[in-house]
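Please consult the sequence and the model shown below while reading.

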Amino acid sequence: MRTLTPSDFFEAARRRAPRLVELRRTLHANPELAFEEYETSALVQSVLGELDIEMRTGVARTGVVGVLRGGMAVEGSRCVALRGDMDALPIHEETGLPFASRNAGKMHACGHDSHTTMALGAAMILSELRDELPGTVKFLLQPSEELLPGGASVMIADGALDGPKVDAVFGQHVAPMVPAGAVGFHPGTMMASADEIYITIRGKSGHAAMPQLSIDPVVAACELVIALQKVISRSIDPFQPGVLTIGKIEGGSATNIIPDEVKLQGTLRAMNEEWRKGAHEKIENIIKGVCLGNGTEYELDIRLGYPALNNDPWTTRFAQDAAREMLGANAVFDAPPMMGAEDFAYYLEKIPGTFWWIGAGTAEQGCVAGLHNPKFTIDESILPIGSALMAWVAYRYLTQG
Ligand code: NI
């Protein structure tokens with residue numbers, strides 16, 4: 001068996017660079033929303049097919065699982081998975097790029113077009129080097145990262161991590177405002193859980209000048225928004241991160257009418273599973289108390305979102321070392337945790353792995369907008385870098401992990 005070096009991977013990636021740009025632009029121009037990624041899935045299947053990679057389709061509806069068995073694999077050798085997400089967002093693109101979205105109201109504003117491209121780029125590189133691979137690589141091209149219940153959870157339920165069983169999983173996400181190609185790692189909890197909160201406060205409507213004849217849900221709702229802040233400020237360990245935001249409040253119709261109901265919606269973010277579950281009860285208790293004091297009634301619906309994302313410390317350090325070998329120490333940074341959420345967390349509940357950031361470009365590199373922004377774009381020089389890095393990390397895991 002020949003020992004491969006980072007330059008073998010970089011070289012293979014460089015040769016594919018024009019193809020990767022073309023792929024990404026095709027995906028970018030044809031965005032599809034969560035669980036509707038049919039054309040995207042067809043394109044993914046055609047690329048994996050060209051590479052002679054065995055696949056399972058229709059996983060989580062539009063998802064594809066590719067399986068590449070290495071030429072040096074033996075009974076009991078490892079299996080490593082690389083993940084790309086395929087869905088776009090309901091945003092109207094304003095980049096003015098020649099390959100901007102052709103589907104009005106839909107846009108790859110979270111870089112999933114590039115994630116899918118880089119996972120396929122890794123598949124191209126690894127299939128070229130397949131004779132030298134001492135194990136199996138799985139490619140998880142999943143739907144619906146953006147929409148509950150999250151494509152990852154459905155992929156797992158559909159057996160994406162079985163047959164062969166996956167030992168470790170790696171994924172990456174583009175990071176705007178970070179120099180193109182710099183990669184950031186964080187061992188441990190890197191992203192938050194995110195639960196959706198829906199509250200309806202019911203009172204009794206009437207004339208605004210005669211409040212004694214009504215039960216005012218507006219006053220109760222205002223009190224509630226403030227009172228709910230205590231869930232964070234008074235019940236979480238000050239050394240633990242947590243956020244509760246009421247992002248939407250809706251009710252009433254005129255200056256002189258007390259309405260009969262007010263609706264509130266918000267998000268609860270946390271990095272501690274035990275506290276998260278207890279927080280749901282605290283939220284309900286506060287609502288109960290406020291409603292009792294105001295004579296109102298309530299309805300509460302908390303929809304469980306993604307769990308916190310826990311990068312396995314050993315696997316993270318392993319991938320970070322591999323990234324340094326390939327990109328040099330200057331290109332690799334320690335990423336801080338953040339309160340965004342990611343359904344990659346579901347894979348990490350099942351098996352060790354890590355999720356890293358890859359810089360998408362700075363303002364000087366032509367990238368001026370953040371994720372989920374209608375002007376979001378990436379510096380395409382990262383496509384071969386991210387592809388080579390994924391492939392290299394997979395190879396290193398199979399040889400040394
Ligand atoms: Ni995303």
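## The largest pocket

On a 1 Å grid over the protein atoms alone, a pocket is an open set of points where a 1.4 Å probe fits, with protein on both sides within 12 Å along at least five of seven lines; its lining residues have an atom within 4 Å of a point. The model is predicted, so local features need pLDDT of at least 70 and side-chain atom pairs count only at pLDDT 80 or more, whereas totals for chains, interfaces and linings use all residues. Residues are numbered from 1 along each chain as its sequence is written, and side-chain values use heavy atoms, with hydrogens and water left out.

The lining of the largest pocket comprises 26 residues, and those nearest its centre are Glu-146, Ala-194, Arg-269, Ala-341 and His-372. The volume of this pocket is about 620 Å³, a volume being the space filled by probe spheres set on the points, with grid points joined across faces, edges and corners. By residue class, the lining holds 12 nonpolar, eight polar and six charged residues. Here Ala, Val, Leu, Ile, Met, Phe, Trp, Tyr, Cys and Pro count as nonpolar, Asp, Glu, Lys and Arg as charged, and the others, Gly among them, as polar.

Strands (E, at least two residues) and helices (H or I, at least four) are DSSP runs numbered from the N terminus. Strand E8 (193-202) and strand E12 (261-270) each supply at least two lining residues of the largest pocket; the largest share, five residues, comes from E8.

## Two domains

The domain assignment gives domain 1 (6-190 + 308-400) and domain 2 (193-303), with bounds taken from an automatic or database domain assignment. The C-alpha centres of domain 1 and domain 2 lie 38 Å apart. Their contact (heavy atoms within 4.5 Å) takes nine residues from domain 1 and 10 residues from domain 2. Each of the two domains also provides at least three residues of the lining of the largest pocket.

## Nonpolar cores

A nonpolar core is a set of buried Ala, Val, Leu, Ile, Met, Phe, Trp, Tyr and Cys residues joined through side-chain atoms within 4.5 Å. Buried means under 20% relative accessible area, exposed over 50%, and partly exposed in between (1.4 Å probe, protein chains only). The largest nonpolar core has 65 residues, and those with the most contacts inside it are Phe-9, Leu-82, Leu-126, Phe-139, Phe-170, Val-183 and Trp-356. Helix H10 (residues 382-400) contributes the largest share of this core, 13 residues. Apart from it lies another core, of 30 residues, including Ala-160, Val-166, Phe-344 and Leu-348.

Among the residues that Val-183 touches, leaving aside those up to four places away in sequence, are Ala-323, Leu-327, Phe-333, Trp-356 and Leu-389.

## Backbone and loop features

Two peptide bonds are described here as cis. The bond from Leu-148 to Pro-149 is cis, with omega near 5°, and Pro-149 lies in the loop between strand E4 (136-142) and helix H4 (151-157). The bond from Gly-163 to Pro-164 is cis, with omega near -5°; Pro-164 lies in the loop between H4 and strand E5 (168-176).

Asp-52, a residue other than glycine, has a positive phi near 65°. Asp-52 belongs to the loop between helix H2 (38-50) and strand E1 (54-59), and counts as exposed because its relative accessibility is 59%. Met-177 likewise has a positive phi, near 70°; with 45% relative accessibility, Met-177 counts as partly exposed.
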